Structure formats: C-alpha cells, structure tokens
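Open the model in your viewer and keep the selection tool at hand.

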Amino acid sequence: EPEVTQTPSHQVTQMGQEVILRCVPISNHLYFYWYRQILGQKVEFLVSFYNNEISEKSEIFDDQFSVERPDGSNFTLKIRSTKLEDSAMYFCASRGTPWDEQFFGPGTRLTVL
Amino acid sequence: KNEVEQSPQNLTAQEGEFITINCSYSVGISALHWLQQHPGGGIVSLFMLSSGKKKHGRLIATINIQEKHSSLHITASHPRDSAVYICAVRTAGGSEKLVFGKGTKLTVNP
C-alpha cells in the first residue's frame, strides 16, 4: 500500500541553525501539507501546497519557514533559524484530490537545543 | 474557545465494551476527519465524512451537520484500539486548513 514517508525520524539541532525536513508524498498525489504538534498539544496546520505554490498558510508559518517541491517526488519544509519553541513533531500529509482524505507520514521529531 | 471540542479527554474501557467519542465544532465545515494517533506519534486517517454515517470494520463514524456534532464509535473494543483519537474539521469556503481537536486518549484494558 502506498504511504507517505518522512526523513529523518528525529533531528536534533542547535538554536539558530537551519533544518530541512523531508517528505515523499504518495506518488500520484497533488496536494501537500505540513503540520506540527508540540509535545502534549494538539496538531496545528502550517501550510498547504498545490501546483508548485503555497495555497494556504497559518500565522505560525512566518518568514523563517519555507516549503519546496524541488523535484517530482520530494516535498521539504525548511526552518531557517530554529528557535527553542520550534521543537515539535512535524507531519507531512498528501492527498490526490480535494475530496480525498489526507494520508499522513510518520512524522519527524525536531529537537532544538 | 476552541473551534473543535472533543469529549471525553480520557477514556478507559474494558475489552469488548462499546466506545463512543464525541466531537463538536463551532465553524462551518466542508468535511470532518477522524484520525488515530498511536503512542509512537504516527497519525492514521480513519474517516473523512461530510454527511451521514460511515463504517469500517468495528469503527463507525456519524455526523450531524445541523447540530455540528460527530461521533466515533468502536464496537467490541480491543487493547490494540488504545490510541489517541483526533477529530479535525476542514473549514468551509474552500479552505485547505484542518483545525484539530485536542484528542481523546483511549485505553482499553484486557
């Protein structure tokens, strides 16, 4: 069964460093998403991406964040200068059409020291 | 006030019991999702619905659009059903954004 994959599973970084979280969505999907979940809190929407551009973003998704689909398979989330409060689980998701359910990846746990 | 409220926050059941988890929302929606999050953190989509009722195995999801309420039922619960169950809504008006509830932590004891 096709699945969304994410790498790495756990990333540890120093405050101020740049990190890139990688996702490989399901191959024929067209809509891509990033979410985050701070430990003990609810999942929060960050950004949606379609047709090579951001279609919607939350107020969390400020200038330190960016997304890219550099080739036909990867979908990345870059955090330019990490802060302690960026420590969270980051989930990628994808879906084929606006009427389909979303398929989530296993998540990347980001720890900022 | 949260746009998506779930109850109960925590639920402990004995194996075999019938489980109900509730979700109420205060915004207009185009769809409602039920998700399962396992202790390792991974999220699995269980249902997406915009009206009526859906069934998959021992899981049943219902939604009442007029009352802005949805329920997730688990029949003949099993310890492997232990997880956090999350309700999330896609707001109306063409938004891609999912708004999540805080989740219901279900523990099923053998």
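A salt bridge is a side-chain nitrogen of Lys or Arg within 4 Å of a carboxyl oxygen of Asp or Glu. Select A:Arg95 and B:Glu96: their side chains form one, at 3.1 Å from N to O. Between chain B and chain A the count is one salt bridge.

This is a predicted model, in which local features need pLDDT of at least 70 and side-chain atom pairs pLDDT 80 or more, while totals for chains, interfaces and linings use all residues. Residues are numbered from 1 along each chain as its sequence is written, chains are lettered from A and ligands numbered from 1 in the order written, and side-chain values use heavy atoms, without hydrogens and water.

Next, select the interface. Here 19 residues of chain B are in contact (heavy atoms within 4.5 Å) with 21 residues of chain A. The two chains bury about 1700 Å² between them, 55% of it on carbon and sulfur atoms; buried area is the accessible area (1.4 Å probe) lost on putting two parts together, summed over both. Colour B:Ile43, B:Glu96 and B:Phe100: in chain B they lose the most area to chain A, together 38% of what that side buries.

Strands are DSSP runs (E, at least two residues), numbered from the N terminus. Five of them form an open antiparallel sheet in the order 1-3-8-7-6, where pairing requires at least two DSSP bridges.

Finally, select B:Gln6; opposite stands B:Cys23 in strand 3 of chain B. Strand 1 and strand 3 (residues 19–25) of chain B pair in the antiparallel sense over four bridges.
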